[in-house]
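Here's a quick tour of a predicted model. Have the sequence and the 3D view open as you read.

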Amino acid sequence: MTIRIWEGKADGTRSGPMGSGGCASRPGVTRRSFLRGATGALGGMAALVAALRPLKDLPQDALPSLDQFLQKHYKEMSASDMDRALARIRADVEDRFGVTPNLRDVRPMEGVQFAYALNLSRCIGCRRCVHACVGENNQSRSPEIQYIRVLEMPRGTIDLDQGNHHYERARVPDAEHYYLPVQCHQCANPPCTKVCPVEATWKEPDGIVVVDYDWCIGCRYCEAACPYWARRFNFAEPQIPRDKLNPDMSYLSNRPRPRGVMEKCHFCLHRTREGRMPACLEACPVGARKFGNVLDPESEVSQILKTKRVFVLKEEVGTLPRFFYYFDERYPRAIEAEPTGPGAPEIGLPGSASGAGA
Amino acid sequence: MDHTPKRADATGGSRLAWLIGPAFLGLAAWFVWMAPWPRIPLGATPAFDVGAIVPRPRLAVMTDPPQIDVGSYEHRCDDCHRLFKSSTEKTTGRVQHTEIVFNHGMNNRCSNCHDKEHREKLVLRDGSLISFPGAPLLCAQCHGTTFHDWERGTHGKTLGSWERDNPAFRRLTCVECHDPHSPAFAPIAPLPAPHTLRMGPQQAEVERREASPLAIPFEHHAEPGAAQDEVGTPGGAREGGEG
């Protein structure tokens, strides 16, 4: 626009009658060229303002504070750096939820490699694990983020494409299906960490693949790389009811996440690195979930790996999961229909015993 | 000479510029005040009973001596059975304990597990008496493989800690999950299914490949050479699996 004004001036000097009607002090600038340039400039400014307009809707805490902006990568933080970061997160949680969290940075235990095993003969697909996980790990309730997907699979196949995790039934298990819960497999050879352009996700010494939510740039490469669809992205600001926040949290696991970062199952590391069980295991009503230290030969997971028939999902892709599925030797009990009819109420009669006895 | 046409162009351009400026202004005003801000539509959070998630044993284990809740008072078995020597040969005609649902296969006689004389004890097949908390030994008489699995930790549920030397480590016993009179788990209602962002609750069949209008028929995946022989088999297996 400025160029045009100067052009106008050049023109104006040549064509006298048009120039004479212009500003008295600047004979080169005519009224028309001035208005033309000014309108254009104003329009350009307005367009710029419009383009920057989304900034107006940013909430106060959306822009990082100086501390947050200068915060280092998790692995490069000194103890005092971590203390500062924890204090900042603690204040943020207090501000948003009105509770003081028991926030800490839980480090891996020596001589421990975690493994998880899940008994497919037992799982009934009741989704207790899914919702226990959501409650424990402060996942967003809306939009919904869940780490565990329970696939309802037709019996006789492990083709995951035939699985369905939207099943709605009055009662589970269904006689024609079995149930395959899938969550992060904490691979020993994780594709997700390799594709991260900023190394915001990595494998810890105890085998848990973690995410530094303050370092993640939200590119979602890891989500695409994961063959198990185990990573979740916060498309919107996570919504957690104030009274539903779990205040027992750690830096790498279940502290509240901002919008635009990835998250995933971390074997409840704030619990398991302190000796406790993962929340999904504690919620399982049929004891299908097993967790422990695979370096301990007497641990439950070691015994399962030794004595049970075990498989991993998508073994052929070479991810070496530490999440194992296993069976009991006998076929799971046939699921009987709801006890109705004349036989059911007469409990205890010698003749009423069903043939499916132990 | 060559300035005259340029002059005319500039005049035409200036008319356009008069339009462009207000147009930008109007657009900016529309952006700032009137344009709807794109919001991600969120489905309602499903409501469900959080009490359905129980990180505890399903059932309480019996103490030694066992306490039984009768009329909201705790009684010992012998409080009654000192006086009432009930017939135990058959399970018919129960007058008391009618609330017990009995569905344990062929194991349908009280005296298979309960001692006839000492009602606060359980009896093994060799006649020896054990206390109620020692029930896994009794169960092991029939469910040997499951008992060994339980001993190894490959069956059952462990709460508290995964560290075996941790004082909180506790492996639940048989009767903390299974009702000994009706040990099979009854089917239960599942908790709500996931909601997909933007779309809310999904039809159960939406993600089925067969149900999708964009689905590629399964046969197209088969290799051309093998198509003639092999197509029938996986297709048939699939139908069988779904049926």
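Let's start with a sheet in chain A: four strands in the order E10-E2-E12-E11 (chain A) make an open sheet with mixed pairing. Its edges are E10 and E11 of chain A, each of which pairs on one side only. On average, neighbouring strands here are turned by 30 degrees against each other, direction ignored.

Zooming in on one pair, E2(A) and E12(A) run in the parallel sense, joined over four bridges. Within that pairing, Ala117(A) sits opposite Phe324(A) of E12(A). Helix H11 of chain A lies across E2, E10, E11 and E12 of chain A, at about 110 degrees to E10(A).

Here are the residue ranges for some of these elements, handy for finding them in the viewer:

| Element | Residues |
|---|---|
| E2(A) | residues 114-119 |
| E12(A) | residues 323-327 |
| E11(A) | residues 309-311 |
| H11(A) | residues 300-307 |

Now for helix H6 of chain A, residues 128-136: buried or exposed? Eight of its nine residues are buried, so to speak mostly covered. Among them are Cys129(A), His131(A), Cys133(A) and Glu136(A). The buried residues of H6(A) pack against E10(A), and also against strands E3 and E8 and helices H9 and H10 of chain A. Just after H6(A), Asn138(A) takes a positive phi of about 55 degrees.

Over on chain B, there's a nonpolar surface patch whose members include Leu16(B), Ile20(B), Phe24(B) and Trp30(B), and the whole patch has about 1000 Å² of accessible area. Ile20(B) belongs to helix H1 of chain B, residues 3-34, and is partly exposed, with a relative accessible area of 44%.

How values were computed:
Residues numbered from 1 in each chain as written. Chains lettered and ligands numbered in written order. Predicted model: local features only at pLDDT ≥ 70, side-chain atom pairs only at ≥ 80, totals over all residues. Heavy atoms only, no water. Buried < 20%, exposed > 50% of the residue type's maximum accessible area, 1.4 Å probe, protein only. Helix = DSSP H or I, 4+ residues; strand = E, 2+ residues; numbered from the N terminus. Contact = heavy atoms within 4.5 Å. Patch = residues over 30% accessible without salt bridge, like charges linked within 9 Å, V, L, I, M, F, W, Y side chains within 5 Å. Areas by Shrake-Rupley, 256 points an atom, 1.4 Å probe, with all protein chains shown as cover. Salt bridge = Lys/Arg side-chain N within 4 Å of Asp/Glu carboxyl O. Pairing = 2+ DSSP bridges. Axes fitted to C-alpha atoms, helices over the stretch in contact; angles between N-to-C directions.
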